[in-house]
Amino acid sequence: MVVNISPEGRVTDCVVKTSASASLDAATCRIATTRLAFEPRRDATGITVASTYSLSVIWRLESDDTGPIEVTGATFPPNVMEAGITVDEQGRVASCRMSEGQSADDMCSGYPVGKIKTPGFVRNGKPIRAIMRPRFVLTTEFLP
């Protein structure tokens with residue numbers, strides 16, 4: 001699925017690339033446009049800009065089957081997570097927001113508001129705020 005993201009970080013449009021179900025495609029896009037939010041991308045001057053993001057969505061029916069996962073390819077698509085962590089002039093976390101991927105609770109839980117994460121940053125001798133962007137990429141490759 002590819003989503004278009006507004007300069008405000010909202011999903012404005014969605015396209016499902018490969019699916020066999022028009023109703024699942026519509027539901028996926030409806031959920032994406034109503035529930036997903038992103039840290040907006042910024043251009044070189046710091047202005048927020050529209051962007052796109054590609055992600056995989058897999059719908060599965062709940063089952064009592066706990067057997068192994070059937071593998072049809074050489075790899076799984078990578079799972080990417082990135083957060084935007086705003087720190088204040090003293091290096092304390094002011095906020096954490098997912099800018100890519102899922103599991104916001106898992107990634108942002110390591111950055112609670114108020115916790116000191118850096119010694120702070122200065123420019124021309126004056127303390128400044130910053131946004132840090134930790135990125136996690138999980139890839140799975142299957143061995144012969």
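**Contacts, cores and links**

Mentor: Let's start at Asp88: leaving aside neighbours within four places in sequence, Asp88 is in contact with Ile128 and Arg129, contact meaning heavy atoms within 4.5 Å. Before we go on, this is a predicted model, in which local features need pLDDT of at least 70 and side-chain atom pairs count only at pLDDT 80 or more, while totals for chains, interfaces and linings use all residues. Residues are numbered from 1 along each chain as its sequence is written, and side-chain values use heavy atoms, with hydrogens and water left out.

Trainee: Where is the place of Asp88?

Mentor: Asp88 sits in the loop between β6 and β7 (93-100). Helices (H or I, at least four residues) and strands (E, at least two) are DSSP runs, numbered from the N terminus.

Trainee: Does Asp88 count as buried or exposed?

Mentor: Asp88 counts as buried, at 14% relative accessibility. The cut-offs are under 20% relative accessible area for buried and over 50% for exposed, with partly exposed in between (1.4 Å probe, protein chains only).

Trainee: Which backbone nitrogen lies 3.0 Å from a polar atom of the Asp88 side chain?

Mentor: That of Gln90. The side chain of Asp88 also meets that of Arg92 in a salt bridge, 3.1 Å from N to O. A salt bridge here is a side-chain nitrogen of Lys or Arg within 4 Å of a carboxyl oxygen of Asp or Glu. Arg92 counts as partly exposed, at 34% relative accessibility.

Trainee: How many salt bridges does a search of the whole structure find?

Mentor: Three. Another one joins the side chains of Arg41 and Glu82, at 3.8 Å from N to O. Arg41 lies in strand β3 (residues 41-42) and Glu82 in strand β6 (residues 75-87), so this pair ties together parts that are 41 residues apart in sequence.

Trainee: What is the relative accessibility of Glu82?

Mentor: Glu82 is at 8%, which counts as buried.

Trainee: Changing topic. Which residues make up the largest nonpolar core?

Mentor: There are 10 residues in all: Met1, Val3, Ile5, Val11, Cys14, Cys29, Ala32, Phe38, Tyr53 and Leu55. β1 (2-5), β2 (11-15) and α1 (22-35) each supply at least two residues of this core. By nonpolar core I mean a set of buried Ala, Val, Leu, Ile, Met, Phe, Trp, Tyr and Cys residues joined through side-chain atoms within 4.5 Å.

Trainee: What is Ala32 in contact with, leaving aside its neighbours within four places in sequence?

Mentor: Met1, Val3 and Val11. There is also a second, separate core of nine residues, which includes Ile85, Val87, Met107 and Ala130.

Trainee: Back to the largest core, then. What joins Cys14 to Cys29?

Mentor: A disulfide, with S to S at 2.0 Å. The criterion is a pair of cysteine sulfur atoms within 2.5 Å. A search of the whole structure finds one disulfide. The pair links distant parts of the chain, with Cys14 in strand β2 and Cys29 in helix α1, 15 residues apart.

Trainee: Is that link left-handed or right-handed?

Mentor: The link of Cys14 and Cys29 is left-handed, with -65° about the S-S bond. Both cysteines, Cys14 and Cys29, are buried.

Trainee: How many aromatic pairs does a search of the whole structure find?

Mentor: One. The rings of Phe38 and Tyr53 have centres 5.5 Å apart and planes at 55°, so the pair is tilted. Rings of Phe, Tyr and Trp (its six-membered ring) pair if their centres lie within 6.5 Å; planes under 30 degrees apart count as stacked, over 60 as edge-to-face and the rest as tilted.

Trainee: Which parts of the chain does the pair link?

Mentor: Phe38 is in the loop between α1 and β3, and Tyr53 is in strand β5 (residues 51-54), 15 residues apart. Phe38 is buried at 4% relative accessibility, and Tyr53 is buried with a relative accessible area of 12%.

Trainee: Last one. What is the phi of Asn124?

Mentor: Positive, about 55°, although Asn124 is not a glycine. Asn124 lies in the loop between β8 (121-123) and β9 (126-128), and Asn124 is exposed, with a relative accessible area of 77%.

Definitions and conventions. A polar contact is a pair of N or O atoms within 3.5 Å; within protein, one must be able to donate a hydrogen and the other to accept it, and residues adjacent in sequence count only if both atoms are side-chain atoms.
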